[in-house]
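Student: Could you take me through one part of this complex up close, the side of one chain where it meets its neighbour?

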Amino acid sequence: MSAYAAIVRRDARVAMRRLGEAANPLLFFLIVTTLFPLALSPSADELREVGVGVLWVSTLLSSLLALEGLFRSDADDGSLEQLLLSPVPITVTVLAKITAHWLITILPLIALVPVLALSYSMPLSALPIMLAALVLATPTLSVLIAIGAALTVSLRRGGTIVGLLVLPLTAPLLIFGTRATDFGLHDEPVAGPLYLLAAFAAFALALGPLAIGAALRVGVE
Amino acid sequence: MMEFLRMGGEAAYVWSAYGITLAVVLFNVWWARWTHHQALERARASSSQSRAPRKPTVRHVE
Amino acid sequence: MRLPRWFHLLGSPPFVYGLAGRLVPWLGTIAIVLLLVGAYWGLAVAPPDRVQGEVYRIIFLHPQVAYISMMAYVVMAVSAGIGFIWRIKLAHAVAVTAAPIGTTFTVCALATGAIWGRPTWGTFWQWTDPRIMSETLLLFLFLSYLALRAAFEDRDKADRVSAILAVVGVVNVPIIHYSVIWWNSLHQGPSFMKLDKPSIAPEMLPPFLIMIAAFTVCFYWLLLNGLRGQIVERERDTRWVRQLVEGREA
């Protein structure tokens with residue numbers, strides 16, 4: 001089995017053991033998307049229009065919660081240094097960890113979105129586009145949050161700052177993701193934004209791990 | 001002159017904009033001077049510290 | 001390949017300290033003169049605008065300051081990147097010096113933009129304006145750089161970690177910029193939202209350009225000025241700084 005697959009399996013297995021922890025971002029997502037209608041008191045039409053933005057921002061914040069500690073447990077027990085020293089390139093390791101966490105925490109979140117979208121009076125027809133946009137945007141999102149996690153890995157209270165570091169960088173994802181969903185909602189062509197999200201993902205997955213590896217090296221010394 | 005200061009009635013906007021910009025530039029000038037001064041002070045302090053006679057670290061053992 | 005001598009000298013803190021010290025008075029004088037000339041020309045000599053009246057005179061401040069704020073981020077990111085790759089301490093010193101200058105200029109750009117927006121658009125803040133959004137995100141990028149630096153006690157670590165952040169940020173800046181412009185193009189709703197700055201009449205062009213030059217020189221003046229303090233701080237325990245400090249006391 002390739003090193004990549006091995007690390008994905010190992011990380012996934014570890015995360016499954018702490019299913020409660022893995023569920024936290026999911027619960028956060030549910031709570032936040034419940035709070036918005038409470039705060040806004042919108043009509044069904046307003047809810048539909050606001051729903052796109054609310055669901056995307058909630059996804060962003062929940063993912064932040066899920067991934068900001070990506071390297072912390074490995075840093076704490078010393079396995080991070082081992083990973084950096086191993087013959088497996090750190091970029092592969094990093095991609096594997098991001099994949100594992102995306103599968104365990106982000107994918108379930110995306111799976112919940114249709115249910116919440118319906119609660120926001122969004123038509124069924126809008127869902128495929130929204131899901132496609134989320135599937136394309138979340139890998140980039142994961143890479144960006146992982147960069148923040150790597151930069152702060154040696155800090156005691158690093159988690160609090162990751163949001164500040166990473167969220168401004170997610171603006172393009174938010175823009176194209178919400179607009180794609182919106183276009184889907186109004187039967188307008190979605191190819192443009194979706195292709196761009198895919199391009200961002202390719203770019204981030206190719207180059208992000210380099211930055212993450214460099215940041216981890218600095219953090220560990 | 002008064003007409004110049006009044007800026008066609010929109011004096012508040014024009015002068016506050018120019019004022020803020022001036023303030024930002026002056027702040028940066030001050031900040032550079034201040035940090036330079038602070039650095040020199042700290043260097044002076046650590047320099048004189050190393051020059052001052054130190055008490056011997058060995059104590060007599062009874 | 002033999003590198004020219006000045007290349008190596010640029011990596012020497014005492015040399016750069018001295019060089020900056022000699023350049024600063026010149027840059028300062030040029031900057032002040034250009035700023036005064038540009039401001040006077042823009043305020044007193046250039047005629048009022050047909051559409052915006054006197055308020056348009058902010059055009060001699062706002063675009064220039066905004067442009068410098070972006071340039072400051074690039075300077076910061078490039079020097080931080082150079083410091084990271086080639087382990088040149090002075091490059092990190094430049095990055096650290098550029099950060100507060102860039103941050104304050106970004107705040108200034110947003111403030112002057114808002115002041116300009118009130119009489120022209122009718123509102124101080126227009127979330128859907130791409131330039132406001134770009135500049136605001138740039139402010140967050142600067143603030144996150146400063147916050148990350150502040151979180152580390154070890155200066156070397158702070159240098160290198162924030163260098164990575166700066167490089168990641170600078171790659172994102174054009175992406176953010178064009179994303180926001182595209183996003184705004186979808187909102188061509190009521191015409192009062194348009195970011196119509198007056199097209200530059202020939203009488204207004206000279207002060208506009210002078211102010212670009214003025215703020216650019218001003219930035220480098222501030223940069224070299226601040227760099228000296230950074231150098232002394234980083235080199236505090238070296239012999240040349242001790243001699244410098246004792247020389248001053250004498």
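**Where the chains meet**

Tutor: Two pairs of chains are in contact here, and chains B and C share the most contacts; two residues count as in contact if their C-beta atoms, placed from the backbone, lie within 7 Å. Bear in mind that this is a predicted model, where local features need pLDDT of at least 70, side-chain atom pairs count only at pLDDT 80 or more, and totals for chains, interfaces and linings use all residues. Residues are numbered from 1 along each chain as its sequence is written, with chains lettered from A and ligands numbered from 1 in the order in which they are written.

Now for the side of chain A that touches chain C. There, 17 residues of chain A meet 20 residues of chain C. The elements giving two or more residues to that side of chain A are α7 (127-151), α8 (159-166), α9 (171-185) and α10 (191-220), where helices are DSSP runs (H or I, at least four residues) numbered from the N terminus. α9(A) gives the most, with five residues.

Chain C averages a pLDDT of 89, on a scale of per-residue confidence from 0 to 100.

Methods:
pLDDT = per-residue confidence, 0-100.
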